[in-house]
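Good morning, everyone. Please look at the structure on the screen, and I will walk you through it.

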Protein chains: 2
Amino acid sequence: MKAVILAAGKGERHSQGKDKSKPKPLIPLLGLSLLERAILSAKECGIYDFVIVVGYRSEEVIRYEKEKQKRLGVNIDFVENVEWEKGNGLSVLKARDALKEKEDFALLMCDHLFDSSILKELLAKAKNRKGKCVLCVDKPENVFDLEDATKILLERNKPKAIGKGIENYDAVDCGMFYCTSEMFDALEEEIGKGKYELSDAVQCSIACDKLEVFDIGGRFWRDIDTPESLEYAKRRILKSLEKPTDGIISKYINRRISKRLTARIVNTNLTPTQITIMSFIMALASAAFFFLGEHKYLIVGGILAQASSIIDGCDGEVARLKFLTTDYGAFVDSILDRYADGILIFGLIFGYWMLQGGISVWIIGLFALLGSFMISYTNARYEGVFEKPGGGRGIPIRRDMRLFIIMIGAFLNLVLVMLLLLAILTNLEVVRRVFSMKRIITKNKV
Amino acid sequence: MKAVILAAGKGERHSQGKDKSKPKPLIPLLGLSLLERAILSAKECGIYDFVIVVGYRSEEVIRYEKEKQKRLGVNIDFVENVEWEKGNGLSVLKARDALKEKEDFALLMCDHLFDSSILKELLAKAKNRKGKCVLCVDKPENVFDLEDATKILLERNKPKAIGKGIENYDAVDCGMFYCTSEMFDALEEEIGKGKYELSDAVQCSIACDKLEVFDIGGRFWRDIDTPESLEYAKRRILKSLEKPTDGIISKYINRRISKRLTARIVNTNLTPTQITIMSFIMALASAAFFFLGEHKYLIVGGILAQASSIIDGCDGEVARLKFLTTDYGAFVDSILDRYADGILIFGLIFGYWMLQGGISVWIIGLFALLGSFMISYTNARYEGVFEKPGGGRGIPIRRDMRLFIIMIGAFLNLVLVMLLLLAILTNLEVVRRVFSMKRIITKNKV
């Protein structure tokens with residue numbers, strides 16, 4: 001399956017913003033150009049071949065994307081439409097020669113952000129409606145800038161009319177299509193009449209009953225046509241980095257800071273793996289301070305531990321923003337986290353014992369170490385069941401909370417109390433999990 | 001789906017063995033009667049309703065199984081065939097009234113052991129051959145007592161003749177059938193002619209082209225018709241407790257001892273959970289001796305650690321022999337194993353440090369503890385991928401080996417060397433796994 005992406009327009013309304021020097025497809029949004037985001041979102045749906053129609057400042061766009069192409073990991077055919085000012089329907093038609101005859105394709109706009117699950121579902125559904133083009137639509141109430149939107153009138157779920165200016169409408173065009181080659185025929189017909197907009201061809205397909213609509217069910221999409229909508233999209237995407245499974249500390253402290261850091265990091269060349277390693281090194285540094293035992297060092301160690309916890313969120317965030325998430329990255333991250341946990345607690349035990357002596361810190365510390373580990377182990381043992389939404393109803397003593405307790409304990413110079421608290425909370429939660437697992441497993445069997 | 005199990009015969013040939021006082025269905029084999037094994041094997045294939053045809057000493061059989069029924073977790077209808085001596089075809093026919101009209105059923109012999117995957121596959125395949133009965137067959141070369149076996153002549157994979165005495169044959173009847181109600185019609189017809197054996201009705205079905213065969217592909221089954229075959233089956237089942245994933249120490253030492261223990265434990269009322277807890281308590285006792293630090297205590301602790309490791313195999317073995325394996329049992333076992341690992345290593349560190357002092361034992365011990373944990377964690381993190389056959393090609397440093405190294409180190413009074421060895425081997429293996437995981441994940445994606 002190929003995707004055709006329209007990237008020929010000028011993006012007039014962006015010319016007021018800070019990105020006015022850039023052609024629209026190259027406007028940066030959290031580390032990627034709009035065009036790259038469109039490509040990578042489609043790649044997530046299994047599309048690896050692209051036809052990109054360029055027009056306005058085409059050389060610049062082509063040069064920029066060719067540099068990035070290897071990193072994108074997809075094949076791109078650039079098609080130039082020198083008459084781009086006539087209308088976007090002409091740009092679609094220009095893509096015809098880059099496709100095989102009678103080849104279906106996805107049609108996307110470079111300046112439309114979308115949740116990739118929409119495209120995934122569109123592709124799956126469109127296969128069952130062979131021969132018909134399918135247009136993604138949203139409910140009008142979900143659309144920010146209705147005035148500028150292309151509206152659609154439906155009758156019994158079938159499109160009846162389309163246009164920016166129609167008065168009665170039930171839906172809004174999201175700018176994502178599944179097209180058969182008949183779309184080209186419709187375009188040709190309309191262009192022959194001097195109608196150069198894609199919506200003209202869509203109107204023509206509607207008239208011939210060759211178009212269906214697919215309601216995206218309220219999922220996120222956005223036409224990035226103004227500096228304001230760019231800002232909105234940025235906030236929205238950053239917000240989406242919060243996970244429903246985030247622990248309390250993660251939600252109210254770590255994530256708020258890490259999101260801000262991530263928004264800056266994405267503009268650098270730092271990779272998620274490098275960030276993972278930075279977080280690990282900070283945890284080691286924290287442990288080194290804990291080893292020294294004295295209160296002033298504990299404070300430094302505590303800050304470093306909490307900082308490491310925050311940075312530990314950035315690797316995944318950067319990976320998600322740049323479409324770089326891999327199972328392997330998550331695996332390595334989890335391994336380093338466990339080593340960091342162990343070494344941190346050991347540092348605390350040892351530093352305390354050097355100054356105060358006594359056996360109790362060792363025993364309590366051992367159980368804090370075992371308990372911390374067992375929280376992660378029980379979770380891994382059942383494929384993350386305890387950290388799924390709804391599965392984490394127990395004592396909130398995951399890594400975000402553990403490192404937070406360590407910081408507070410270090411600040412207050414209460415290492416023994418802190419270790420005792422960790423030991424009790426983690427092991428209690430493990431016991432709870434053992435019992436709740438019985439219910440979970442039994443339920444799944446019935 | 002219901003299963004009819006024939007348990008009416010006398011089992012003449014068993015009357016020489018030590019179980020001569022028992023009717024054949026009640027002959028014990030590793031903690032379960034033959035009839036219970038047949039029921040539980042079928043239950044593993046999703047069959048929960050049974051019609052059991054009893055005859056010889058029927059009251060005894062019914063009384064015994066009714067006592068056990070609740071534990072078996074299935075529904076049983078007992079049907080009595082007072083004329084059991086006439087032939088087993090009559091016993092099958094007696095089951096008719098306990099089934100619905102036109103109901104398909106599985107037909108099994110109480111004295112035939114079988115790998116439950118055979119029945120599972122038979123049920124799946126038979127659904128595609130609607131209307132035909134299917135008989136499981138094995139190749140003659142796999143059959144121990146050919147003389148007594150019911151042989152089958154095939155022609156282009158279709159049965160042509162059946163009988164104990166036929167001279168040309170290609171396959172042997174395993175005594176497992178998928179039957180449609182037409183089997184009853186065939187039985188009625190043959191019995192009307194005075195032919196009371198099941199094989200007579202099968203011959204009749206063959207003549208009408210209403211029977212197909214299913215080659216069990218060399219999997220395990222066995223007709224337990226003599227004390228010798230009972231002994232053989234016992235050895236064979238015990239052997240099957242060895243896992244292809246067993247580590248070196250497990251394979252050559254632990255499993256050999258645990259199998260012998262298990263063969264005795266199954267005749268008691270000890271549950272797998274109780275054995276899991278016993279193993280855990282032995283590990284705690286071992287750690288208590290290690291805490292004391294002196295060589296003589298280390299020796300006791302080392303023996304206890306290894307004993308705990310061996311007993312740790314028995315819980316799973318007993319569970320498998322008695323059809324009691326649950327995911328939950330495996331989960332609890334793994335949790336207790338991790339706690340035991342941690343406490344054992346801590347005992348070693350502490351005992352050594354009490355006598356010798358010094359910081360090195362703490363640091364080395366920490367890495368031994370972390371490494372041991374990480375071996376289990378990396379495995380759990382990827383759903384057992386590293387302990388699957390073929391996945392465990394790294395350093396053999398799983399729990400069996402770790403506890404063995406601990407015992408040897410304790411015997412030799414070389415705690416520091418032992419901990420260092422554990423620390424190096426486990427963490428090296430974790431590093432190897434991190435790199436090999438990259439390959440595994442990448443391969444799975446392509």
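First, some ground rules. This is a predicted model, in which local features need pLDDT of at least 70, side-chain atom pairs count only at pLDDT 80 or more, and totals for chains, interfaces and linings use all residues. Residues are numbered from 1 along each chain as its sequence is written, while chains are lettered from A and ligands numbered from 1 in the order in which they are written.

Take chain A. Chain A has 14 helices and 13 strands. Helices (H or I, at least four residues) and strands (E, at least two) are DSSP runs, numbered from the N terminus. The C-alpha trace of chain A spans about 90 × 55 × 40 Å along its principal axes.

How much of chain A is buried? Of its 446 residues, 48% count as buried. Buried means that 20 or more other C-beta atoms lie within 10 Å of the residue's own; exposed means 12 or fewer; partly exposed is in between; and C-beta atoms are placed from the backbone.

Now contacts. Two residues are in contact if their C-beta atoms, placed from the backbone, lie within 7 Å. Consider the contacts in chain A between residues at least 6 apart in sequence: 76% of them join residues at least 24 apart.

Next, domains. Chain A is assigned domain 1 (2-233) and domain 2 (243-445); such bounds come from an automatic or database domain assignment. The C-alpha centres of these two domains of chain A lie 43 Å apart. Their contact takes 5 residues from domain 1 of chain A and 6 residues from domain 2 of chain A. On the domain 1 side of chain A, we find 3 nonpolar, 1 polar and 1 charged residues. Here Ala, Val, Leu, Ile, Met, Phe, Trp, Tyr, Cys and Pro count as nonpolar; Asp, Glu, Lys and Arg count as charged; the others, Gly among them, count as polar.

How do the two chains relate? A rotation of 180° with 0.0 Å of shift along its axis superposes chain B on chain A, with RMSD 0.1 Å. That is the relation of a two-fold axis.

On to the interface. 27 residues of chain B are in contact with 27 residues of chain A. On the chain B side, α11 (327-356), α12 (360-381) and α14 (415-445) each supply at least two residues. The largest share, 11 residues, comes from α11(B). By class, the chain B side divides into 18 nonpolar, 4 polar and 5 charged residues. And 100% of the interface residues of chain B are also interface residues in chain A, so the copies meet through the same surface.

Now the core. In soluble globular proteins, nonpolar side chains tend to be buried together. Here the largest nonpolar core has 119 residues. A nonpolar core is a set of buried Ala, Val, Leu, Ile, Met, Phe, Trp, Tyr and Cys residues joined through C-beta atoms within 7 Å. Which residues have the most contacts inside it? They are A:Leu344, A:Leu419, B:Leu344 and B:Leu419. Leave aside neighbours within four places in sequence, and B:Leu419 is in contact with B:Leu348, B:Val361, B:Ile364, B:Gly365 and B:Ala368.

Two strands next. In chain A, all 6 of the 6 residues of strand β8 (residues 133-138) are buried. In a regular strand the side chains alternate between the two faces of the sheet. From β8(A), A:Cys133, A:Leu135 and A:Val137 point one way, and A:Val134, A:Cys136 and A:Asp138 the other way. Strands pair if DSSP finds at least two bridges between them. β8(A) runs parallel to β12 (residues 211-215) of chain A, joined by 5 bridges. There A:Val137 stands opposite A:Asp215. With β11 (residues 171-179) of chain A, β8(A) pairs in the antiparallel sense over 4 bridges. A:Val134 stands opposite A:Tyr178 there.

Over in chain B, 5 of the 6 residues of strand β1 (residues 2-7) are buried, so β1(B) is largely enclosed by the rest of the structure. β1(B) pairs in the parallel sense with β4 (residues 49-54) of chain B over 6 bridges.

Last, a loop. A:Arg156 lies between β9 (151-155) and β10 (158-163) of chain A. Its phi is near 50°, a positive value in a residue other than glycine. Is A:Arg156 buried or exposed? A:Arg156 counts as exposed, because 5 C-beta neighbours lie inside 10 Å.

Definitions and conventions
Copies are superposed by least squares on the C-alpha atoms of residues with pLDDT of at least 70 in both.
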